[in-house]
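Have the structure open as you read.

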Amino acid sequence: MNLLQRFEVWVSLLVILICLVFLWESWDLPPGSFEPLGSGPVPQATAFIVIFCAGLVIFKALRKPVQLSEDEEAKERPSISAGLIISFATVIYTLMLHFRLMPFAWMTTLFLIITIWSLEKFEKKKILPALITAIVIGFASEYLFTEVFIVDLPT
């Protein structure tokens with residue numbers, strides 16, 4: 001198993017652990033009185049989907065070791081600084097959601113810009129696609145949650 005596969009396995013295990021915490025916390029959410037779904041099913045379904053995807057990543061990484069040349073391995077090497085930035089941004093994003101400091105769409109857009117651009121190693125030519133993707137996903141997710149799932153978000 002090369003470095004990239006080990007990194008994928010460990011990150012997937014961390015993601016599964018975080019999703020298990022979300023599942024644990026979501027069981028105590030009260031049923032909705034005016035909402036058709038209530039506030040519990042959306043985070044639970046999301047957590048199950050993410051756990052399933054992380055399981056697929058682990059399965060793929062453990063199934064067949066990929067032999068990379070030294071150049072390819074150096075190019076594919078995960079960035080520790082990007083991991084730290086994403087971890088820190090996730091904590092800040094979660095705290096801002098909890099304390100409702102910004103509207104959900106703007107907060108999600110800012111979080112996605114930081115995380116996508118850090119994964120692209122802050123290359124200047126990657127900022128525009130990251131910006132467009134973040135804006136679309138940020139505002140579309142707010143629309144999806146508030147209008148389709150009828151979930152109370154900090155807006």
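Which exposed residues does the face of H6 turned away from its buried side carry? They are Leu128, Val136, Tyr143 and Glu147, where exposed means over 50% relative accessible area, buried under 20% and partly exposed in between (1.4 Å probe, protein chains only). Before going on, note that this is a predicted model, in which local features need pLDDT of at least 70 and side-chain atom pairs count only at pLDDT 80 or more, while totals for chains, interfaces and linings use all residues. Residues are numbered from 1 along each chain as its sequence is written, and side-chain values use heavy atoms, without hydrogens or water.

Now turn to the other side of H6. Ala130, Ala134, Gly138, Ser141, Glu142 and Phe145 are buried there. Seen down the axis of H6, these buried residues fall within an arc of 95 degrees, so they line one face of the helix; the arc is taken from the directions from the helix axis to the C-beta atoms. Helix H2 (41-63) and helix H5 (104-119) are among what covers them, with contact meaning heavy atoms within 4.5 Å.

H5 also has helix H4 (residues 80-99) as a partner: their axes come within 9 Å and cross at roughly 175 degrees. The two helices are therefore roughly antiparallel (an angle over 145 degrees). On the H4 side, the contact includes Ile85, Ala89 and Tyr93, and on the H5 side Phe104, Phe111 and Leu119 are among the residues involved. Sorted by type, the contact residues divide into 12 nonpolar, four polar and no charged.

Terms used:
Helices (H or I, at least four residues) and strands (E, at least two) are DSSP runs, numbered from the N terminus. Axes are lines fitted to C-alpha atoms, for helices over the stretch in contact, and angles run from 0 to 180 degrees between N-to-C directions. Angles under 35 degrees count as roughly parallel, over 145 as roughly antiparallel, 65 to 115 as roughly perpendicular and the rest as oblique. Ala, Val, Leu, Ile, Met, Phe, Trp, Tyr, Cys and Pro count as nonpolar, Asp, Glu, Lys and Arg as charged, and the others, Gly among them, as polar.
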